[in-house]
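Good morning. Please bring up the sequence and the model, and I will talk through a few parts of them.

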Amino acid sequence: MRSLIYNLFSVICTTLLLTSCQEYTVSEYCPYKANMAYHGDLTPLQPLNDALASDNTFAIVYISKQLGTTYDLTAQLYGKSAETRTISIASQVLPTLGLENTKGFFIGKTSMRSDNPYVFDRICPNCYLEYRNTKYVLSFENETTVKCGTCKRVYSLLNGGLVTAGDNGNKLFRYRVTGYTADPPFITIFQ
């Protein structure tokens, strides 16, 4: 009887351990669709190139205009002017930059994780989940934190998008980087 209870306890503990690991893996990336391929040697956007080449540097990247067979991809670093390049849709598919293309991503690297950039949605995850609306856009608080003007939460871009000030809540929506090189600057986001 004692061995039966021990075996049952072992099975339950193993199941709980595997389930908790599975949930962590699944929840690391958000469930929303995103795709973008950027080749900095072909279509250089200096703010995005800088974010991909430097630790603790992030750029906002979004589609500022779409006309027929082209779209304008815009990138901006904290406190700097935005830069825009026109890209032909014929040469690639129109990207999906998170929940809304005109809001886009935060893209950059950290000194703690310089092997692969982070890509976060610019929509506040807590406001989006509460109101189901993409109008709640995050903006830079400084070079490495972003803030929601509605809920006032501050998120760190350095620690995986966790809330660092304001009410507790969900971390930033993060997207999967499927390809990356620093020289020449190249990033592929596909989820």
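I start with an open sheet of four strands, in the order 7-8-9-10, paired in the antiparallel sense. Strands here are DSSP runs of E with at least two residues, helices are runs of H or I with at least four residues, and both are numbered from the N terminus. Two strands count as paired if DSSP finds at least two bridges between them. The edges are strand 7, residues 138-140, and strand 10, residues 163-165, and each of these pairs on one side only. From one strand to the next, the twist averages 40°. That angle is taken between lines fitted to C-alpha atoms, in the N-to-C directions, on a scale from 0 to 180 degrees.

Before going on, two notes on the source. This is a predicted model, in which local features need pLDDT of at least 70, side-chain atom pairs count only at pLDDT 80 or more, and totals for chains, interfaces and linings use all residues. Residues are numbered from 1 along each chain as its sequence is written, and side-chain values use heavy atoms, with hydrogens and water left out.

On confidence: pLDDT is the predictor's confidence in each residue, from 0 to 100. The mean for the protein is 84, and 84% of its residues reach 70 or more. Over residues 4-26, pLDDT stays under 50, and the model has zero contacts there beyond four places in sequence. A contact means heavy atoms within 4.5 Å.

Back to the sheet. Strand 7 is joined to strand 8, residues 145-148, by three antiparallel bridges. Phenylalanine 140 has valine 146 in strand 8 as its bridge partner. Strand 8 also holds threonine 145. Is threonine 145 buried or exposed? It counts as buried because its relative accessibility is 13%; the cut-offs are under 20% for buried, over 50% for exposed and partly exposed in between, with a 1.4 Å probe and protein chains only. Beyond four places in sequence, threonine 145 touches Ser139, Phe140, Val154, Tyr155, Ser156 and Leu157.

Now to strand 12. Strand 1, residues 35-39, pairs with strand 12, residues 186-190, over five antiparallel bridges. In that pairing, methionine 36 stands opposite isoleucine 189. Strand 11, residues 177-181, pairs with strand 12 over four antiparallel bridges. These two, strand 11 and strand 12, form a hairpin with four residues between them. Threonine 181 stands opposite phenylalanine 186.

Leucine 52 sits in helix 2, residues 46-53, and is buried, with a relative accessible area of 0%. Its contacts beyond four places in sequence include Tyr38, Ile107, Tyr180 and Phe186.

Last, the cores. A nonpolar core is a set of buried Ala, Val, Leu, Ile, Met, Phe, Trp, Tyr and Cys residues joined through side-chain atoms within 4.5 Å. The largest one has 29 residues, and Met36, Leu48, Leu73, Phe105, Ile107, Ile187 and Ile189 touch the most other members. Among the elements that give it two or more residues are strand 1, helix 2, strand 11 and strand 12. Strand 3 gives the largest share, four residues. Leucine 48 contacts Met36, Tyr38, Ala59, Val61, Ala75 and Ile107, leaving aside neighbours within four places in sequence. Apart from this core lies another, of 17 residues, including Cys127, Tyr136, Cys148 and Tyr155.
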